[in-house]
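Visitor: I would like to go through this structure step by step. Please show it to me before I ask anything.

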Amino acid sequence: MGKIFDGKRILVLGASSYIGVSFQEYLKKYAKDRLSADSVSLRGDDWKHTDCSVYDSIINVTGRAHADTGTLTPEEKREYYEVNCRLACRAAKKAIADGAGQYIYFSSIIVYGDSSDSRKPVVITRQTKPAPTSFYGDSKWKAEEGLRKLFAGRPARLAILRPPMVYGPGCRGNYRTLEKLAVKLPVFPDFPNRRSMLYIENLCEFLCLLVENQDEGLFFPQNREYVSTSGLVRLIARARGQKIVCTKLLNPAVAAAGVLPGKYGSLVRKAFGSLVYEKGMSVYRGGEYRKYSLEESVAGCSGGR
């Protein structure tokens with residue numbers, strides 16, 4: 001007869017999501033004696049028949065991905081709110097009714113606006129108020145508000161995460177674009193911006209600690225280091241054995257392009273804008289989750305480390 005598992009049990013809502021899949025793989029490698037996870041998709045009806053009472057924690061990583069919201073159709077805009085807000089609240093209602101102890105919802109740093117918006121804060125502090133400037137950010141913020149109302153006065157604990165850009169091996173999005181540029185371009189602008197980022201394995205360790213401690217509240221996990229776009233490109237090129245020259249001579253062109261109206265100017269501001277959390281916000285009293293430095297994480301994305 002096998003050993004009875006007596007650790008924490010987790011249900012991941014988002015069976016095929018990058019974060020959900022990475023988290024389950026992380027548990028198998030580093031925490032299988034303490035934590036176990038099952039997953040179910042929120043697409044379809046299977047989740048409605050899942051008994052949440054057998055799980056200590058429900059982690060909702062399902063979401064309509066951040067995209068160019070300026071080109072969305074009315075139907076696509078409605079989908080943002082359906083998936084990121086209303087579906088998250090319906091899943092939470094079931095978790096509460098079933099008696100789950102902890103519900104973890106993935107919001108985003110984008111609830112504060114993004115780096116393509118001139119009104120956004122460069123440094124976010126605990127006093128900074130959310131001011132979403134896109135359908136993505138607004139849908140996440142409305143989900144947070146709805147969830148707080150659902151959990152008010154309930155014994156179940158609500159944890160809301162507002163991570164910055166998450167990256168890691170096999171990820172999609174902006175990091176993958178920078179990887180392609182780092183191995184193809186001979187030169188790149190050395191523009192002085194700052195960004196908060198979060199390596200997937202640092203995030204997974206944070207989730208492990210959050211579940212084990214059964215904490216509730218608002219959390220802002222990020223890597224220890226800020227990074228500039230040019231600094232990240234340098235690290236990626238080095239990890240890939242490529243040479244790239246970052247030069248300040250291109251900075252006037254970046255600055256000029258960044259004030260252009262329309263899509264092109266928005267893309268430049270997103271690539272070279274600044275958006276960071278004040279570092280003290282991301283210290284977690286429940287344990288140290290930042291196992292890997294920025295350089296180690298980039299090497300891990302490239303198959304090294």
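This is a predicted model: local features need pLDDT of at least 70, side-chain atom pairs count only at pLDDT 80 or more; totals for chains, interfaces and linings use all residues.

Visitor: How are the axes of helix α1 and helix α5 oriented: roughly parallel or roughly perpendicular?

Guide: The axes of α1 (residues 18-30) and α5 (residues 200-213) come within 9 Å and cross at roughly 70°. Angles from 65 to 115 degrees count as roughly perpendicular. Therefore α1 stands to α5 as roughly perpendicular.

Visitor: How many nonpolar residues does the contact of α1 with α5 have?

Guide: On the α1 side the contact includes Tyr18, Ile19 and Phe23, and on the α5 side it includes Ile200, Leu203 and Cys204. By class, there are 3 charged residues and 1 polar residue in this contact, and the nonpolar residues number 11.

Visitor: Is Leu178 buried or exposed?

Guide: Leu178 lies in helix α4 (residues 174-184). Beyond its neighbours within four places in sequence, Leu178 is in contact with Thr229, Leu232, Val233 and Ile236. Buried means under 20% relative accessible area. Leu178 has 14% relative accessibility, so Leu178 counts as buried.

Visitor: Which helix gives the largest share of the lining of the largest cavity?

Guide: The structure holds 1 cavity of 30 Å³ or more, and the largest cavity has a volume of about 40 Å³. Its lining is made up of Leu13, Trp47, Cys52, Ile58, Ala91, Lys94 and Ala95. By class, 6 of these are nonpolar, 1 is charged and none is polar. The largest share of the lining, 3 residues, comes from residues 74-98, helix α2.

Notes: Residues are numbered from 1 along each chain as its sequence is written. Side-chain values use heavy atoms; hydrogens and water are left out. Axes are lines fitted to C-alpha atoms, for helices over the stretch in contact, and angles run from 0 to 180 degrees between N-to-C directions. Helices (H or I, at least four residues) and strands (E, at least two) are DSSP runs, numbered from the N terminus. Angles under 35 degrees count as roughly parallel, over 145 as roughly antiparallel, 65 to 115 as roughly perpendicular and the rest as oblique. Contact means heavy atoms within 4.5 Å. Ala, Val, Leu, Ile, Met, Phe, Trp, Tyr, Cys and Pro count as nonpolar, Asp, Glu, Lys and Arg as charged, and the others, Gly among them, as polar. On a 1 Å grid over the protein atoms alone, a cavity is a set of points where a 1.4 Å probe fits but cannot get out, and a pocket is an open set with protein on both sides within 12 Å along at least five of seven lines; lining residues have an atom within 4 Å of a point. Grid points are joined across faces, edges and corners, and a volume is the space filled by probe spheres set on the points. Buried means under 20% relative accessible area, exposed over 50%, partly exposed in between (1.4 Å probe, protein chains only).
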